[in-house]
Amino acid sequence: MDDFNTKDLCLVHVEDDDLDKNLMTRALEEMRYEGRYFHFHNGSDFVDWLRRTGKYEHSTDPSPSIIFLDIGLPGLSGKDILSKMRQEQLVVHIPVILLS
C-alpha cells in the first residue's frame, strides 16, 4: 500500500498548552507529515484567521483540511469557538477534533 500523501493538507491546531503543542508537532514529525501546519495559542486569533480579519486580513493561507481544537482554552473555549464557527458557517465541511 502506498503512503498517504500529506503535502496538500492544511492542519490547524488551536492549543494554549505548550506541552500539548509539542506532542502534536512530535507526532506529525514521526508520521512524516509534509503539509501545512498552523498553530494558534488562543481562540480569538484562530477565529480572526478563519474570517481573514484583523492581522490576518491579507492572509493567503489555505483553508484547513482538519482542525484540532482544545476545549479548555482560556477566554473563548473550544466549544464556544466551534459553536461560532458553525453559526457563521466558517467550517461547514471541515472536520474538527475536540481535545481536552
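In this predicted model, the largest nonpolar core has 19 residues, where a nonpolar core is a set of buried Ala, Val, Leu, Ile, Met, Phe, Trp, Tyr and Cys residues joined through side-chain atoms within 4.5 Å, and buried means under 20% relative accessible area, exposed over 50%, and partly exposed in between, with a 1.4 Å probe and protein chains only. The residues with the most contacts inside this core are Val 12, Phe 40, Phe 46, Trp 49, Ile 67, Leu 69 and Met 85.

**The cores**
- Two or more residues of this core come from each of strand E1 (10-14), strand E2 (36-40), H2, E3 and helix H3 (78-87), and H2 gives the largest share, four residues.
- Apart from this core lies another one, of five residues, among them Leu 11, Met 24, Tyr 33 and Phe 68.
- Met 85 touches Phe 46, Leu 50, Ile 67, Leu 90, Val 91 and Val 96, when residues up to four places away in sequence are not counted, and contact here means heavy atoms within 4.5 Å.

**The fold as a whole**
- The protein chain has three helices and four strands, which are DSSP runs numbered from the N terminus, with helices (H or I) of at least four residues and strands (E) of at least two.
- From the N terminus on, these elements follow the order β-α-β-α-β-α-β.
- The radius of gyration of the protein chain is 14 Å, close to the 13 Å that the globule rule gives for 100 residues, so the chain is as compact as a globular protein of that length; this radius is taken over C-alpha atoms, and the rule is 2.2 Å times the number of residues to the power 0.38.
- Among contacts in the protein chain between residues at least 6 apart in sequence, 66% join residues at least 24 apart.
- Buried residues make up 34% of the 100 residues in the protein chain.

**A residue at the surface**
- Thr 60 sits in the loop between helix H2 (43-51) and strand E3 (66-70), and Thr 60 is exposed, with a relative accessible area of 74%.
- Thr 60 and Val 14 are 46 residues apart in sequence and 19 Å apart in space, C-alpha to C-alpha.

**How to read the values**
- Residues are numbered from 1 along each chain as its sequence is written, and side-chain values use heavy atoms, with hydrogens and water left out.
- Because the model is predicted, local features need pLDDT of at least 70 and side-chain atom pairs count only at pLDDT 80 or more, whereas totals for chains, interfaces and linings use all residues.
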